[in-house]
Amino acid sequence: MQFTSTRDSQKIVSASQAIAQGLSDEGGLFVPCEFPKADLEAMKDMDYPTLAKTVLSGFLTDYDPAFLENAAKATYGQAFGGKAGHVAQVAEGLYSLELWHGPTCAFKDYALQLMPKLLVEAKKNLGRTEHTRILVATSGDTGKAALDGYHDVPGVSIAVFYPSHGTSEIQRLQMVTQEGSNVAVYAVKGNFDDAQTGVKRVFGDKQIAQKLEAENIRLSSANSINWGRLVPQIVYYFASYFQLVNTGKITMGERVDYCVPTGNFGDILAGYYAKRMGLPVGTLVCASNRNNVLTDFISTGTYDARREFHRTTSPSMDILVSSNLERLLFHAAGSDKAVAGYMNELNQNGVYTVSPEVLAVIRESFACGCAGDEEVAAEIKARYEQDHYLCDTHTAVAFKVAENYRARTGSKAPMVVLSTASPFKFPCDVLKALGLKAPESDFAAMEMLQAETGMPAPESLACLKNKPERFDTVIDPAEIADVALGKKS
Ligand SMILES: *Cc1c(COP(=O)(O)O)cnc(C)c1O
């Protein structure tokens with residue numbers, strides 16, 4: 001299987017190159033040149049690691065199959081407590097794909113527990129011996145999931161930058177208590193955009209790259225623009241579908257809709273890839289919070305990032321530029337020139353419009369909707385009181401949007417909502433949504449939520465209280481360059 005760039009189809013690389021390099025030289029993202037056809041009958045009884053190995057080997061054809069098998073086993077066995085790809089029934093025809101049973105209680109674990117192994121193997125496949133220094137700007141979840149995935153991985157070090165006033169207390173503690181000899185965590189003065197812009201500037205700085213090359217160091221990113229982060233996410237669409245088949249909820253071949261709480265468009269794009277591989281996915285419903293740039297795009301064909309940024313109770317979806325949408329544009333438009341043009345307009349003017357034909361192709365597979373914080377809170381309460389199902393704020397955005405979609409279209413198709421974080425990661429907002437007075441501290445809130453619902457708080461969150469904080473450095477965005485150059489400890 002070969003990969004090409006969304007902005008230059010002349011570029012053809014192997015899977016190892018796509019994963020080791022992350023981004024194509026001219027700024028495009030790597031996409032597969034074709035889609036392997038899935039053998040649904042053969043796959044339907046596989047356990048999660050075997051399913052993962054099967055999906056991965058369809059795309060990562062230059063990787064040793066034995067390596068993929070071992071990596072999938074090591075990643076999705078114990079760490080997910082046997083609950084990888086677990087689907088819970090919420091109501092008649094409504095399901096929740098619980099993606100938060102991994103070590104950091106967010107769906108990003110699926111990709112970030114595997115990706116470090118894929119990166120080390122890619123370097124081996126390519127005969128590369130340099131040290132990889134990973135820089136991550138995070139608004140919360142990505143940072144911890146990346147730290148947990150990359151700690152003590154040989155030949156790699158990782159530095160995470162989070163906004164000094166932008167994460168929840170639990171998210172901060174998850175990061176600053178991280179163990180490992182190759183990790184570092186920095187609070188950056190400002191908001192997430194300040195941290196992200198600082199990191200992007202370093203990646204674009206040729207002088208920094210040159211200085212590091214002299215020391216045999218290469219910078220890399222753990223953000224979801226890397227193909228190695230996308231491909232593991234395809235697996236759980238298959239796993240959820242087969243679970244519904246094997247428990248008699250649906251028959252093989254029946255179409256299932258998926259509603260996905262979306263930020264950078266990675267998670268939902270993986271569903272599109274599963275569909276292209278032959279999984280009977282009906283509509284992929286893109287759910288946004290008040291930062292509804294994608295709702296507007298899928299409704300009108302105009303992507304307009306020139307708007308106010310809102311902080312919401314679903315912070316991992318507070319995004320105005322959804323990087324992975326570029327991949328969908330490439331598949332829908334079938335033209336690198338068109339995509340390069342859109343991205344150029346976005347950079348220059350903050351806005352672009354696709355042709356009616358391209359929009360029509362996108363709307364064959366995608367629908368959309370958005371929900372504000374108040375609707376989200378009401379949704380948490382409704383699901384808990386009516387269905388005895390407790391969900392977090394991000395998942396609640398998707399439940400609300402799924403409900404609206406079904407009411408609007410009259411669709412009776414089974415609907416799977418992707419549940420992207422544990423409710424215990426956002427205990428204060430969840431308590432308030434249930435109509436309770438949330439205590440000051442996240443830990444007290446976690447205990448209260450546990451007592452109220454009888455649901456146990458995940459051990460990895462509850463134990464944070466007793467862990468030593470290892471990192472307390474606060475830096476200016478401009479100092480991210482010093483960290484990249486190894487001048488700051
Ligand atoms: C990252 C994240 C999302 C958004 O996923 P994308 O792949 O960026 O669209 C949604 N919910 C939670 C909890 C997340 O951490």
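**The ligand site and its surroundings**

Modeller: A backbone N or O atom of Phe265 is placed 3.0 Å from an oxygen atom of the ligand. This is a predicted model, in which local features need pLDDT of at least 70 and side-chain atom pairs count only at pLDDT 80 or more, whereas totals for chains, interfaces and linings use all residues. Residues are numbered from 1 along each chain as its sequence is written, and side-chain values use heavy atoms, with hydrogens and water left out.

Thr420 instead uses its side chain, a polar atom of which lies 2.8 Å from a ligand nitrogen. A polar contact is a pair of N or O atoms within 3.5 Å; within protein, one atom must be able to donate a hydrogen and the other to accept it, and residues adjacent in sequence count only if both atoms are side-chain atoms. Taken alone, the ligand exposes 380 Å², of which the protein buries 96%; these areas come from the Shrake-Rupley method with a 1.4 Å probe, and for residues only the protein chains shown count as cover.

There are 15 residues around the ligand, and Lys108, Asp141, Gly263, Asn264 and Thr420 come nearest. By residue class, the shell comprises five nonpolar, seven polar and three charged members. Here Ala, Val, Leu, Ile, Met, Phe, Trp, Tyr, Cys and Pro count as nonpolar, Asp, Glu, Lys and Arg as charged, and the others, Gly among them, as polar.

The phi angle of Phe265 is near 70°, a positive value in a residue other than glycine. Phe265 counts as buried because its relative accessibility is 1%, where buried means under 20% relative accessible area, exposed over 50% and partly exposed in between (1.4 Å probe, protein chains only). Phe265 also belongs to a cluster linked by ring pairs, together with Phe3, Phe35, Phe59, Trp227, Tyr272, Tyr273 and Phe366.

Residues up to four places away in sequence aside, Leu325 touches Asn264, Phe265, Leu294, Phe297, Tyr303 and Tyr352, contact meaning heavy atoms within 4.5 Å. Leu325 lies in helix 14 (residues 325–333) and, at 1% relative accessibility, is buried. Between the C-alpha atoms of Leu325 and Tyr95, 230 residues apart along the chain, the separation is 26 Å.

Rings of Phe, Tyr and Trp (its six-membered ring) pair if their centres lie within 6.5 Å; planes under 30 degrees apart count as stacked, over 60 as edge-to-face and the rest as tilted. The rings of Tyr76 and Tyr110 are stacked, because their centres are 5.9 Å apart and their planes stand at 25°. Tyr76 lies in helix 4 (residues 65–76) and Tyr110 in helix 5 (residues 109–112), so this pair ties together parts that are 34 residues apart in sequence. Tyr76 is buried at 3% relative accessibility, and Tyr110 is buried at 0%. Tyr110 forms an edge-to-face pair with Tyr236, at 5.0 Å centre to centre and 75° between the planes. Since Tyr236 lies in helix 11 (residues 227–246) and Tyr110 in helix 5, that pair ties together parts that are 126 residues apart in sequence. Tyr236 is buried as well, at 0% relative accessibility.

The loop between strand 5 (94–98) and helix 5 holds Thr104. Thr104 is buried, its relative accessible area being 0%. Leaving out residues up to four places away in sequence, Thr104 touches Asp109, Lys144, Ala145, Asp148, Gln174 and Lys425.

Leu147 is part of helix 7 (residues 141–150) and is buried, at 0% relative accessibility. Beyond its neighbours within four places in sequence, Leu147 is in contact with Ile158, Val160, Met175, Gln178, Val183, Ala184 and Val185.

Methods:
Near = heavy atom within 4 Å. Helix = DSSP H or I, 4+ residues; strand = E, 2+ residues; numbered from the N terminus.
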